[in-house]
Amino acid sequence: MNLRIFFAQLKMGLILYTRVPAAVFWIIAFPMVMLLGLGTVLGDSDTGGRKLVWVQSGSRSPVDAALTRALAERGTVVDSVSPTDGEARWKGGKLPALLEGSDGHYSLRVNSYLVGQAMQTEAALQEAFLVAQARAQGLADPARVPVVMSSPGGHRGGPYAAFLLPGLLGLNVLMIGVFSTGIVDVTLRAKGGYKRLATTPLPRFVYLGAQLAVRLIVVLIAAALLLLVGAVVFGIHNQGNYLNLALVQLLGAACFISLGYVLASFAQTPEVYSGIANLTFLPLMLLSGVYFSLDDAPNWLQRLADLLPLTPLLRVLRGIFNDGAGLPDEWSGIAIVAAWTAALFALASRRFKWV
Amino acid sequence: MTDSWAIEAVGLRKSFRDVQAVRGLDLQVVRGEVFGLLGPNGAGKTTTLEMLEGLVRPDSGEIRILGLDWRDRGSAIRTRIGVQFQSTELDDKVKVREALEMFGSFYPRARAPAELLRLLHLEDKAEAYQLRLSGGQRQRLALGLALVNDPELVFLDEPTTGLDPQARQGLWEIVRQLKSEGRTVLLTTHYMEEAEVLCDRVGIMDRGQILQLGTPRELIAGLQQPSIAEIEFVGSAPDVGPFAARLGKPIEAKGLVWAVPLADAKRDLQSLLICIEALNLPMQQLHVRRASLEDVFLQLTGRSLRD
């Protein structure tokens with residue numbers, strides 16, 4: 001009997017999920033969009049196709065030709081423009097850097113808003129400049145420090161998308177808990193939906209169990225689609241065991257769904273809830289290294305972030321996905337997330353009000 | 001406590017913080033009757049209903065529903081009662097048929113959605129989202145959900161509030177049908193005419209207590225002043241003070257209409273006409289009507305129902 005109700009609720013829950021475009025977008029499509037967008041824009045593993053805008057005044061020197069060739073060898077195409085054109089494009093604000101040459105003297109203007117991109121251009125330029133100078137004097141090309149690209153676990157190098165993808169997996173379970181669980185709970189209680197259900201023989205645990213199951217299924221679907229986009233578009237693959245990855249993802253989902261119920265228990269109305277949810281979501285997202293590493297942040301902030309549930313979850317997900325770690329390798333992170341889950345689940349059960 | 005009561009409640013009390021919502025309420029509802037709980041907002045109707053529905057635990061008092069006690073037979077009671085709320089508590093994107101199927105799945109035995117759709121005249125809305133229904137259709141769906149388990153006892157909380165007259169007639173029709181099928185109905189309302197038309201018995205509630213109980217006819221007949229004279233003016237009404245003083249009766253002046261309760265219709269009407277003549281009131285019309293439950297409430301509490 002209860003099992004029959006459970007499956008009816010599960011089916012209804014999944015159907016309802018597909019009927020809310022906002023839920024489908026934020027939980028299923030948003031991670032894929034982020035991966036495609038940020039992975040492409042910030043993906044810099046190959047240097048091909050970079051452009052350097054070069055404004056030349058006065059006469060051309062022999063070094064100019066050597067520099068152009070050396071740049072081309074390093075995958076940077078020179079775009080020679082007139083001083084007026086160069087100035088217009090600089091003013092346009094989209095140029096990360098502008099090279100100005102005059103009688104064999106050079107200077108690079110760097111856009112202070114786009115330092116990150118300009119730095120790559122600068123590195124290529126500096127190297128090409130040394131090569132061009134050496135060649136002009138008939139010397140051999142200067143040696144450079146060899147670079148080995150690798151992910152922190154040392155297993156295999158990957159583009160930015162490989163760093164981002166496990167981060168988005170973690171962000172996804174945070175979002176499904178805080179936005180897609182808590183708000184439903186608050187709205188239903190405020191509308192009297194729980195009261196209505198309480199007058200029927202539907203057991204509470206069957207209802208909540210189905211709600212949990214719906215979300216775990218949605219999380220797995222979202223994760224599978226994200227992995228598919230990573231593999232097809234960026235050629236990045238899970239280096240670890242898929243079952244381990246799924247288990248950790250489900251643990252993370254359980255953690256943040258519990259968090260959603262805890263937060264919901266402090267709000268009487270959906271309006272209040274959305275304030276509480278955003279105040280929780282934003283710091284967790286920003287402090288936990290979803291999009292970038294926090295290595296440059298102040299030490300105390302990193303220590304604080306390490307205590308939050310999302311940071312260790314991301315560490316474990318990246319360990320499995322990028323470095324092929326097994327669960328025992330990541331036991332400390334798993335233990336922290338599990339402890340959070342146990343605490344939040346206990347608190348959610350205590351504070352949950354059916355009527 | 002006998003089994004012939006659908007509802008038996010004795011000495012119910014419930015306070016929320018320092019507000020006494022229900023203070024010592026006794027109620028017996030006979031199986032098969034339509035019982036109306038009347039009262040203004042804040043009279044304690046909803047709290048009473050929620051205690052009877054097992055949603056709110058009374059501070060003290062005894063409740064038996066179909067002879068069973070909520071404290072040990074809650075699940076058995078729930079399978080045999082149906083509850084309709086005022087507000088719509090369903091997910092916006094649930095379709096009508098799905099809602100009926102889903103609620104049906106909670107019970108060991110449920111009525112077929114098609115049958116309920118026919119009863120509620122919602123056949124052509126079966127595949128519509130709950131969100132897209134009109135107020136009347138939504139109310140009928142809520143009623144359908146309350147009937148999905150073929151309940152012996154149905155609770156209806158203000159089933160016609162906010163409905164247009166035609167939709168209200170439709171709902172009355174369904175309530176009459178529930179009665180003809182032998183079900184017991186407990187409804188709350190603050191429409192007196194609704195109670196007079198639908199209910200076998202009514203209980204008039206105010207400030208957490210039932211002030212009077214009986215058939216609508218009994219309650220009206222029991223009034224000290226069973227008839228009401230209404231004097232109607234056009235344009236503007238004169239000052240009511242001198243008239244009331246001369247007549248020696250309390251008069252309820254509402255805009256252009258003065259309502260005068262009559263204890264002895266013949267004698268009181270004569271003195272009324274003499275006063276009108278003496279003061280030369282610019283009266284347009286004079287009606288005499290039978291008192292209604294509205295007047296019962298007014299005379300019991302000194303307040304109008306829709307204050």
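**Exercise 1. Find which residues of chain A are linked in a network of salt bridges.**

Solution. Keep in mind that this is a predicted model. For context, the count over all chains is 35 salt bridges.

**Exercise 2. Take the salt bridge between A:Arg109 and A:Glu100, and work out whether its residues are buried or exposed, or something in between.**

Solution. Start with the distance: N to O is 2.8 Å, inside the 4 Å cut-off. Next, accessibility: A:Arg109 has a relative accessible area of 24%, and A:Glu100 has 26%. Buried would need under 20% and exposed over 50%, so A:Arg109 is partly exposed, and A:Glu100 is partly exposed too.

**Exercise 3. Now do the salt bridge between B:Lys45 and B:Glu158. Which parts of chain B does the pair tie together?**

Solution. The closest N and O atoms are 3.7 Å apart. B:Lys45 sits in helix α1 (residues 45-52) of chain B, while B:Glu158 sits in the loop between β6 (153-157) and α6 (165-180), so the pair ties together parts 113 residues apart in sequence. Check burial: B:Lys45 comes out at 4% relative accessible area, which is buried, and B:Glu158 at 6%, also buried.

**Exercise 4. Explain why strand β12 (residues 257-262) of chain B is largely enclosed, and list its pairings.**

Solution. First, five of the six residues of β12(B) are buried, so the rest of the structure largely encloses this strand. Second, strand β10 (residues 227-233) of chain B pairs with β12(B) in the antiparallel sense over six bridges; B:Glu230 has B:Ala259 as its bridge partner. Third, strand β11 (residues 252-254) of chain B is antiparallel to β12(B) over three bridges, with B:Lys254 partnering B:Val257. Finally, look at the turn: β11(B) and β12(B) make a hairpin with two residues between them, and B:Gly255 there has a positive phi of about 60°.

**Exercise 5. Describe the contact between chain A and chain B.**

Solution. Count residues: 23 come from chain A and 25 from chain B. Then the area: about 2200 Å² is buried, with carbon and sulfur atoms giving 60%. Next, the salt bridges between the chains: there are three, including A:Lys191 with B:Asp92 at 3.4 Å. Last, polar contacts: nine residue pairs cross the interface.

Technical notes:
Residues are numbered from 1 along each chain as its sequence is written. Chains are lettered from A and ligands numbered from 1 in the order in which they are written. This is a predicted model: local features need pLDDT of at least 70, side-chain atom pairs count only at pLDDT 80 or more; totals for chains, interfaces and linings use all residues. Side-chain values use heavy atoms; hydrogens and water are left out. Contact means heavy atoms within 4.5 Å. Buried area is the accessible area (1.4 Å probe) that two parts lose on being put together, summed over both. A salt bridge is a side-chain nitrogen of Lys or Arg within 4 Å of a carboxyl oxygen of Asp or Glu. A polar contact is a pair of N or O atoms within 3.5 Å; within protein, one must be able to donate a hydrogen and the other to accept it, and residues adjacent in sequence count only if both atoms are side-chain atoms. Buried means under 20% relative accessible area, exposed over 50%, partly exposed in between (1.4 Å probe, protein chains only). Helices (H or I, at least four residues) and strands (E, at least two) are DSSP runs, numbered from the N terminus. Two strands pair if DSSP finds at least two bridges between them.
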